[in-house]
Amino acid sequence: HGTLWPLSGMSGRTRRVRALPARARPGGKGCTDSRRTAQILGAAAVFMAGFLLIGASAWWFGWVEFDVPENDVVEGGAPGSQAQGAAQPVALPGNEAVRPGPVPVRPEQAAPAPSRFPTIPRVVVLADNGGMINTGVWPGWGGDDSDHARLLWAADGVEVNKPCDYPCKFVHGDPAVYHDADAVVVETVNHPKFGHDGKPMPWPVGNQQTHTPLVGAFGLEPVEAYPRYQPTSPEMAAHASFSMSYLPTSTLPVSLMCPWGLPPASPAAAAVFGELAASYLHPVSAQSVPSNGAIAFFSDRGISSDTWSLLQRLAQVAGAKLHTFVGPGGLRKQAVPADIPNALAHLPDRLRLIKRYRAVLVAQSSKTPDWLEPEVSHALVAGAVPVVWGPPNLADLMPSRHAALDATKFGNDVDSLWAAIQRIVSDDAEFDGWQMWRSEAALAAAAVAPTAHEQSLRRATLETRLPPNSAATDFARFGRNLVDTCAHYAECRICKHVHSTLASA
């Protein structure tokens with residue numbers, strides 16, 4: 001193209017043409033004007049052709065990319081809807097996917113996606129009533145840092161991180177501040193527990209305010225304790241719009257089956273079962289817990305009289321192999337190991353001590369259905385097999401029907417109970433059999449874990465990939481029904497309930 005015209009930017013040779021005077025050319029001045037016009041038009045045409053050729057060359061060699069919009073591709077579309085070698089779909093919330101375009105959009109160019117969560121915080125008052133109720137103090141609710149808490153008393157030393165997508169401000173307060181609240185939570189069982197039975201409960205009174213906040217009744221005690229003040233009792237339900245207790249009939253069930261500061265066993269387990277439940281899946285085997293032939297016993301609560309008599313008889317049969325650290329008088333106490341001096345007052349240290357035993361006795365203060373005390377979860381999360389005198393539906397509440405030994409099934413036969421315990425603590429194959437639920441659930445999680453293109457898939461979607469009627473599905477049920485409802489993390493569930501209820505009002 002450069003052999004005819006001296007066009008700037010084009011390579012090649014040019015043919016020089018010597019201009020002649022107009023009178024020397026055929027046609028004179030008119031002919032000269034026509035020729036000039038033709039030259040100008042020809043030059044313009046060649047310039048445009050050269051410009052298009054440069055653009056085509058730039059595209060061919062990849063100097064410039066043109067953004068060509070493509071049709072959305074819905075995950076699970078008809079076979080053959082994606083071309084061979086085409087880019088794979090990228091997962092989005094809601095199990096949808098779109099094919100990425102050839103030119104990525106810079107972050108500053110992307111329009112912000114609308115949030116699925118509310119942005120205006122709701123105010124939730126935890127009824128204090130001058131120290132007469134102290135709602136939510138022991139679970140660590142309403143601290144200065146809404147996303148973090150350090151627990152006290154029986155859980156001393158445990159730190160919990162509890163971020164929430166739903167914004168709420170939790171404050172401890174008296175009835176004087178109820179008029180500013182969107183919701184008020186009252187720990188009803190504390191009213192009689194703190195010696196105020198018979199005195200008026202500090203319920204919000206609607207006709208003295210511009211609005212009536214939602215009212216929640218909360219309590220975590222077995223149903224036979226303070227029956228009138230149970231959150232689900234008719235008397236409390238007459239004042240509260242939602243309830244929080246260990247009973248599955250509660251609006252927001254809560255439990256003491258918690259992770260107790262342990263991290264998830266793996267990212268895959270956290271994605272499939274949730275971060276809290278995944279803390280129960282750290283690998284445990286006979287090799288990691290050498291047998292010392294002994295069992296441990298911790299009890300920070302009272303023991304029913306019938307269980308106490310059985311425990312005394314078991315102690316006589318076990319002798320020195322029963323290591324009692326915390327419990328009622330009459331049992332020989334074991335010295336706390338020198339390398340864990342705070343094992344009785346500091347829960348992380350107690351969990352370290354439990355890890356040295358294959359079995360731990362748990363004598364609950366109540367055997368009422370559905371009631372589980374925290375010592376059961378201490379044993380499970382630390383890797384031991386709990387031997388439980390507890391509720392009649394214990395197996396239904398465990399991560400597996402082969403995760404805890406139900407001591408009540410042996411009745412008064414202490415010798416058979418001790419023989420079963422001895423098999424767990426002395427037989428490696430027996431102990432590994434009681435731990436299979438951990439490895440099976442962890443392996444299933446690894447098999448169905450989200451790929452790099454599926455990081456936004458929801459937990460419920462991933463659970464559908466688990467083998468049906470398996471140890472993994474049993475563990476998923478345990479995680480959702482009990483570990484996810486740990487009372488120490490309940491603020492977010494309260495907040496979500498308040499937002500949802502008020503949004504639909």
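Me: Which residues have the most contacts inside the largest nonpolar core?
Reply: This is a predicted model. Its largest nonpolar core has 61 residues. Helix α13 gives the most to this core, with six residues. Those with the most contacts inside the core are Met257, Phe273, Tyr280, Met398 and Phe475.

Me: Which residues does Met398 touch, not counting those up to four places away in sequence?
Reply: Met398 is among the residues with the most contacts inside the largest core. A touch here needs heavy atoms within 4.5 Å. The partners are Met257, Leu372, Val376, Leu380, Ala403, Ala404, Arg477 and Phe478.

Me: How many residues are in the other core that lies apart from the largest one?
Reply: The largest core has 61 residues. Another core lies apart from it, with Val289, Ile295, Val385 and Leu405 among its members. Its count is 29 residues.

Me: What share of the chain's residues is buried?
Reply: Buried means under 20% relative accessible area. The chain has 505 residues. The buried share is 43%.

Me: Among contacts with a separation of 6 or more, what share comes from residues 24 or more positions apart?
Reply: The chain's secondary structure comes to 14 helices and 14 strands. Take the contacts in the chain with a separation of 6 or more. Residues 24 or more positions apart account for 67%.

Me: How many disulfides does a search of the whole structure find?
Reply: Cys164 is joined to Cys492. Cys168 and Cys495 form a disulfide. Another joins Cys258 to Cys486. The search of the whole structure gives three.

Me: How many residues apart in sequence are the parts that Cys164 and Cys492 tie together?
Reply: The sulfur atoms of Cys164 and Cys492 are 2.0 Å apart. Cys164 sits in the loop between β5 (159–161) and β6 (168–173), while Cys492 is in helix α14 (residues 490–504), so the link ties together parts whose separation is 328 residues.

Me: What is the handedness of the disulfide of Cys168 and Cys495?
Reply: The sulfur atoms of Cys168 and Cys495 lie 2.1 Å apart. Cys168 is in strand β6 and Cys495 in helix α14, 327 residues apart. Both cysteines are buried. The torsion about their S-S bond is about 95°, so the disulfide is right-handed.

Me: Where does Cys486 lie?
Reply: Cys486 bonds to Cys258, S to S 2.1 Å. Cys258 lies in the loop between β9 (242–244) and α4 (267–273). The two tie together parts that are 228 residues apart in sequence. The place of Cys486 is the loop between α13 (471–483) and α14.

Me: What is the pairing when the bonded cysteines are numbered in sequence order?
Reply: The bonds are Cys164 to Cys492, Cys168 to Cys495 and Cys258 to Cys486. Numbered in sequence order, the bonded cysteines pair as 1-5, 2-6, 3-4.

Key
Residues are numbered from 1 along each chain as its sequence is written. This is a predicted model: local features need pLDDT of at least 70, side-chain atom pairs count only at pLDDT 80 or more; totals for chains, interfaces and linings use all residues. Side-chain values use heavy atoms; hydrogens and water are left out. A disulfide is a pair of cysteine sulfur atoms within 2.5 Å. Helices (H or I, at least four residues) and strands (E, at least two) are DSSP runs, numbered from the N terminus. Buried means under 20% relative accessible area, exposed over 50%, partly exposed in between (1.4 Å probe, protein chains only). A nonpolar core is a set of buried Ala, Val, Leu, Ile, Met, Phe, Trp, Tyr and Cys residues joined through side-chain atoms within 4.5 Å.
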